[in-house]
Amino acid sequence: MLELKRQPFAGRLVMIGYGSIGRGVLPLLLRHIDLEPSRILLICPSDAAFEAHQQFAVQVEQQALTEDNFHACLEPRLNAGDFLLNLSVQVSSQALLAFCQARGALYLDTCTEPWPGGYDSDRQTPQACTNYALRHGILALRGSRDTATSILTHGANPGLVSHLVKHALENLAVDLGHAQPACASREDWAQLAQTLGIKAIHIAEYDSQFSSLRKQPGEFVNTWSVDGFIAEACQPAELGWGTHESALPADARRHPTGSQAAIYLQRPGAATQVHTWTPGTGATLGFLVTHSESISIAEYLTLGEGAHPHYRPTVHYAYRPCDDALLSLHELAARHWQAQPRQRLLDDDIVGGRDELGVLLMGHAKNAYWYGSTLTIEEARSLCPHNSATSLQVTAAVMAGVIWAMKNPRRGILEPDELPHREILQMCDPYLGELRGFYTDWTPLGSTSEDTDNATGDDPWQFRHVRFG
């Protein structure tokens, strides 16, 4: 077992949801936080949480939170100084965050969720279904920084990848002959990215895990939440929009309000593929699935304001899911985005594979640099029970965010980009397998950027080259 000093916590911890991430994070929380299991309450509508009660002696309440009942359910269970850990789907992150701010309770979630129907494009405009709109609504709750700490979207991605970006920028700066960066503000990080010549950043992930039982017709298979993946796959594709881009895609739309750091496409993320690169596989195709880090990282690394600032990189997710999830997405598209009647979460039945999750920084003097975690299923299981390679990258970041909030209980509403990356990565590092960087001559036009530049007279990092088809 990894030996780390346990973080004391005198309050109560309420966890909403007990899917793959809840199941994987609970042993980490008990390992790293000095908290009696009897002071942990799981609120979950499924029978799965009773396994946690039997194994870990935590308290369980079998109930689904709704827009009508969440106040009555949480009020007697959460007081000032307690912690609400939201790992649910179809429960409004904005509503829970507002509740915790009013109660003085600490809060952390891994994504931005609306109430049921919030992603339904038949009932809302495409713009209203975007993560940009959801994020804008949540950040509107910000007031004084002297309120209970609430950390938004702090899983692997979004979450961990924001810290990987900062570490990658530091590594790249040193390798390019600059002094060791000492960035103290958002503007410092943006200036560093501009100085290094970063044009685009992919959250480049390749999941190769597999089960002995392959996908069946009419079944959606995935290595993490099926409901969560289907929801984000059907949302409009979104990306932070960089200043090096010469032309807006024909199917792209800008947002009328907010920072205007991002655009969205009038098509689902699961119908939008992009060229990308990961070290174990090399060139591959990923899906441009919407994630809030595409917006927050792009905004964090912006110099200037509005839709046409002085500098901003293009930022987006480029996700190659496991083979069975890939087949599931194709079938989902064929069903006109109507979910399959059956779902299966790959967990204890995974027999091989790994998850490469990193950030690909492109356009600088060394062409492209990937920095991230490569974690095999065997390593994940040896490091913490009830985890796959995919879930452990998430649960480690959840654990680190929870501990940081407990140490810093009056910091207000924060996104991952605003947290100290070295401190978070130090807590996550023991669970991330091999954490290292790789340089590559890959570009979306071919293998050697110098040749493609000469051949086309064009910038290979334009989104029109990255986009497939």
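What share of the contacts in the protein chain with a separation of 6 or more comes from residues 24 or more positions apart? Such pairs account for 73% of them, where a contact means heavy atoms within 4.5 Å.

## Ground rules

This is a predicted model, so local features need pLDDT of at least 70 and side-chain atom pairs count only at pLDDT 80 or more, while totals for chains, interfaces and linings use all residues. Residues are numbered from 1 along each chain as its sequence is written, and side-chain values use heavy atoms, with hydrogens and water left out.

## The whole chain

The protein chain has 15 helices and 23 strands; these are DSSP runs numbered from the N terminus, with helices being H or I of at least four residues and strands E of at least two. Its radius of gyration is 21 Å, close to the 23 Å that the globule rule gives for 469 residues, so the chain is as compact as a globular protein of that length. That radius is taken over C-alpha atoms, and the rule is 2.2 Å times the number of residues to the power 0.38.

Along the principal axes, the C-alpha atoms fill a box of roughly 65 × 50 × 45 Å. Of the 469 residues, 59% are buried. Here buried means under 20% relative accessible area, exposed means over 50%, and partly exposed is in between (1.4 Å probe, protein chains only).

Strand S4 (residues 40-43) is covered on both faces. Ile-40 and Leu-42 sit on one side, Leu-41 and Ile-43 on the other, and all are buried. As a rule, side chains in a regular strand alternate between the two faces of the sheet.

S4 runs parallel to strand S2 (residues 13-16), joined by four bridges; two strands pair if DSSP finds at least two bridges between them. Met-15 has Leu-42 of S4 as its bridge partner. Strand S5 (residues 59-61) also runs parallel to S4, with three bridges, and there Ile-43 stands opposite Glu-61.

## The annotated span and helix H6

UniProt, in an unreviewed entry, places "domain: Saccharopine dehydrogenase-like C-terminal" at residues 155-436; its positions are given in the numbering used here, feature names are shortened, and annotations may be inferred rather than shown by experiment. The end C-alpha atoms of that span lie 19 Å apart, and the span is 32% helix and 29% strand.

Helix H6 (residues 160-175) reaches 23 Å from its first C-alpha to its last, close to the expected 22 Å, which is 1.5 Å times one less than its number of residues. H6 is mostly covered, with 12 of its 16 residues buried, among them Leu-160, His-163, Lys-166 and Glu-170. Gly-177 follows H6 with a positive phi, near 90°.

Ile-295 belongs to helix H9 (residues 292-300) and is buried, at a relative accessible area of 0%. Not counting residues up to four places away in sequence, Ile-295 touches Asn-131, Tyr-132, Arg-135, Glu-238 and Ala-262.

Asp-347 sits in the loop between strand S18 (342-345) and strand S19 (350-352). Because its relative accessibility is 18%, Asp-347 counts as buried. Leaving aside neighbours within four places in sequence, Asp-347 is in contact with Arg-23 and Arg-381.
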